[in-house]
Amino acid sequence: MKKRLFSGIQPSGDVHIGNYLGAIKNWVRLIDQYECIFCIVDYHAVTIEYNPKDMQKRILNAAAVNIASGLDPNRCIVFVQSYVPEHTELAWILNTITPMGHLERMTQFKDKSKQNAENINAGLFTYPILQAADILIYKSEAVPVGEDQVQHIELAREIVRKFNTRYGETFPEPKEILSEASRIMGLDGKAKMSKSLGNYISLVETPESIGKKLSTAVTDENRKRRTDAGNPDVCNLFTLHKHFSKNEQIETINAVCRTAEIGCVECKKILSNNIIETLTPIRLKYEHLVNDQDYLLNILHTGAKRCKEIVRDTMSEVKKKMGLI
Ligand code: AMP
Ligand code: TRP
């Protein structure tokens, strides 16, 4: 029997190359090694302000981008969180065993509270408990995510220990799986690449737009003139080269940047071509899928149906152990 793997992505805007390198690429790599369940976490996304008119489109876009990136629905489950209400049911139960102090320590809550000072709601605070419920309701053991989610997975393990101690051995402790690119910086070089900051290259960006965005992206800030030597070790775009360019190109750039034999304009051109080469097949597949709403909805509902079979068993075990049946 394969171990179970679970991960999620919020339908909160364009899926970007940070999501791809940090998470989605690992999802695709592990798809046959585990029994994989991938979730579009709409209940998490509604903890920040959004326009209800956009949400359905965002959910379908997220499904289309992920399938286009390699989440073959014949080899894994792809579904929408709110289609399986037992996630929120288990989240309520986990609420009752999660100490407030643990939630207060979550750095993502602190960051999001700053960004949404006008709407610091209870859902934003208990967000990691719903995330724990997502993982535990499938008794998942592996959770491939970017670095920003590690603290949430640690909390999920803590919740498992509390539940198992209080009600008897029920859940396995889930472990995060990190990629080599678990924290991709934004094109501004200042903050993590993020949907909300607009400092990203989307997975379905057109070739023209990729070139344009890279042309203004921050490189080694100490390199002021073309004749100055650059330092790839502190250049954010060199990190992207490491993930999109060919080995010999990476080696060459690493050397000729330091001797000023290559300038940032030329170096960006090479990177742009390589990103375009990787993303074009994804974009073409996405453009084909995104217009086929019936196909996408069918996949998401079929996925949810399979999930419902699994969660029914978990919930009845949980309720029995808690004396609720
Ligand atoms: P989100 O868009 O917040 O739902 O994130 C989906 C997945 O992408 C999560 O596993 C994140 O940890 C990961 N992720 C988001 N931004 C980045 C980034 N800049 N670098 C690496 N991984 C990321
Ligand atoms: N919080 C995650 C993020 O912002 C998304 C998520 C929700 C998730 N539930 C999950 C990730 C369960 C892994 C496992 O990226």
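**Pockets and a ligand**

Guide: The largest pocket has a volume of about 1,100 Å³. The model is predicted: local features need pLDDT of at least 70, side-chain atom pairs count only at pLDDT 80 or more, and totals for chains, interfaces and linings use all residues. Residues are numbered from 1 along each chain as its sequence is written, chains are lettered from A and ligands numbered from 1 in the order written, and side-chain values use heavy atoms, without hydrogens and water.

Visitor: What makes a space a pocket?
Guide: Take a 1 Å grid over the protein atoms alone; a pocket is an open set of points with protein on both sides within 12 Å along at least five of seven lines. Lining residues have an atom within 4 Å of a point. The largest pocket has 44 of them, and Gln10, Gln108, Asp148, Gln149 and Lys192 lie nearest its centre.

Visitor: Which element gives the most to that lining?
Guide: α1, with 6 residues. Helices are DSSP runs of H or I, at least four residues long; strands are runs of E, at least two.

Visitor: How do you know which class each lining residue belongs to?
Guide: Asp, Glu, Lys and Arg count as charged; Ala, Val, Leu, Ile, Met, Phe, Trp, Tyr, Cys and Pro as nonpolar; the others, Gly among them, as polar. The largest pocket's lining has 17 nonpolar, 19 polar and 8 charged residues.

Visitor: What lines the second largest pocket?
Guide: Its lining includes Leu21, Lys25, Ser179 and His243. Its volume is about 180 Å³. By class, the lining has 2 nonpolar, 3 polar and 4 charged residues.

Visitor: Where does ligand 2 sit?
Guide: The space it takes is the largest pocket. A molecule sits in a pocket if more than half of its atoms lie within 2 Å of the pocket's grid points. Ligand 2 is placed there, so it passes that test.

Visitor: Which residues come nearest to ligand 2?
Guide: Of the 13 around it, Gln10, Tyr127, Gln131, Asp134 and Gln149. A residue is near if one of its heavy atoms lies within 4 Å. α7 gives the most to this shell, with 4 residues.

Visitor: Why is the pair between Tyr127 and ligand 2 called a polar contact?
Guide: A polar contact is a pair of N or O atoms within 3.5 Å. A polar side-chain atom of Tyr127 lies 2.7 Å from a nitrogen atom of ligand 2, so the pair qualifies. Gln131 does too, at 2.9 Å, and Gln149, at 3.1 Å.

Methods: On a 1 Å grid over the protein atoms alone, a cavity is a set of points where a 1.4 Å probe fits but cannot get out, and a pocket is an open set with protein on both sides within 12 Å along at least five of seven lines; lining residues have an atom within 4 Å of a point. Grid points are joined across faces, edges and corners, and a volume is the space filled by probe spheres set on the points. A polar contact is a pair of N or O atoms within 3.5 Å; within protein, one must be able to donate a hydrogen and the other to accept it, and residues adjacent in sequence count only if both atoms are side-chain atoms.
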